[in-house]
Amino acid sequence: MNNIIDFNLERAVRKSGLHRAACKQMIEDGFNPMVPNDIEEYEDWFSVSGEFYQEHNWTDEAIQRLLTDILAQDPE
């Protein structure tokens, strides 16, 4: 079943101009690579989350809880 084409991913790759792996990761993280604002927000989030992974050894679950708490305080 690995050979099934993901049309949403293909459309995102063509419209955004990003690499397939980057688009796939953005979609998995809940961002839309076809929206320029989401690309900017993802780049900001990716740099912040990367710092937490490397500097503080946080898990995916801990970072997700942090994001949930931040969004609960300030939805924008």
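1. The scale used here takes buried as under 20% relative accessible area, exposed as over 50%, and partly exposed as what lies in between, with a 1.4 Å probe and protein chains only. Please keep in mind that this is a predicted model, in which local features need pLDDT of at least 70 and side-chain atom pairs count only at pLDDT 80 or more, while totals for chains, interfaces and linings use all residues. Residues are numbered from 1 along each chain as its sequence is written, and side-chain values use heavy atoms, with hydrogens and water left out.

2. What does Glu10 pair with? Its side chain meets that of Arg20 in a salt bridge, at 2.7 Å from N to O. This pair links distant parts of the chain, with Arg20 in helix H2 (residues 20-28) and Glu10 in helix H1 (residues 7-16), 10 residues apart. A salt bridge here is a side-chain nitrogen of Lys or Arg within 4 Å of a carboxyl oxygen of Asp or Glu. Arg20 is partly exposed, with a relative accessible area of 43%.

3. A search of the whole structure finds two salt bridges. Besides the pair above, the side chains of Arg65 and Glu61 meet at 3.1 Å, N to O. Both of these residues lie in helix H4 (residues 60-73), four residues apart, or about one turn of the helix. Arg65 counts as partly exposed at 48% relative accessibility, whereas Glu61 counts as exposed at 55%. As background, side chains of opposite charge can pair when their charged atoms come close.

4. Now for the overall layout. The chain has four helices and zero strands, and from the N terminus on its elements run α-α-α-α. Helices (H or I, at least four residues) and strands (E, at least two) are DSSP runs, numbered from the N terminus. Of the 76 residues of the chain, 20% count as buried. Residues 24 or more positions apart account for 0% of the contacts in the chain with a separation of 6 or more; contact means heavy atoms within 4.5 Å.

5. At its start, a side-chain oxygen of Asp6 reaches to within 3.2 Å of the backbone nitrogen of Asn8. Just after H1, Gly17 takes a positive phi of about 80°.

6. Which residues make up the largest nonpolar core? They are Met26, Phe31, Ile39, Tyr42, Trp45 and Ile63, six residues in all. Helix H3 (residues 36-56) gives the most to this core, with three residues. Such a core is a set of buried Ala, Val, Leu, Ile, Met, Phe, Trp, Tyr and Cys residues joined through side-chain atoms within 4.5 Å. In general, nonpolar side chains tend to be buried together in soluble globular proteins.

7. The count comes to one aromatic pair. The rings of Phe31 and Tyr42 have their centres 5.2 Å apart and their planes at 70°, so the pair is edge-to-face. Phe31 lies in the loop between H2 and H3 and Tyr42 in helix H3, so the pair ties together parts that are 11 residues apart in sequence. The rule pairs rings of Phe, Tyr and Trp (its six-membered ring) if their centres lie within 6.5 Å, with planes under 30 degrees apart counted as stacked, over 60 as edge-to-face and the rest as tilted. Phe31 counts as buried at 17% relative accessibility, and Tyr42 is buried with a relative accessible area of 8%.

8. Trp45 is found in H3 and counts as buried at 17% relative accessibility. Not counting residues up to four places away in sequence, Trp45 touches Phe31, Ile63 and Leu67. Trp45 and Leu67 are 22 residues apart in sequence and 9.6 Å apart in space, C-alpha to C-alpha. Pro36 is also found in helix H3, but Pro36 is exposed, with a relative accessible area of 60%.

Note on methods. Polar contact = N/O pair within 3.5 Å; in protein donor to acceptor, adjacent residues only side chain to side chain.
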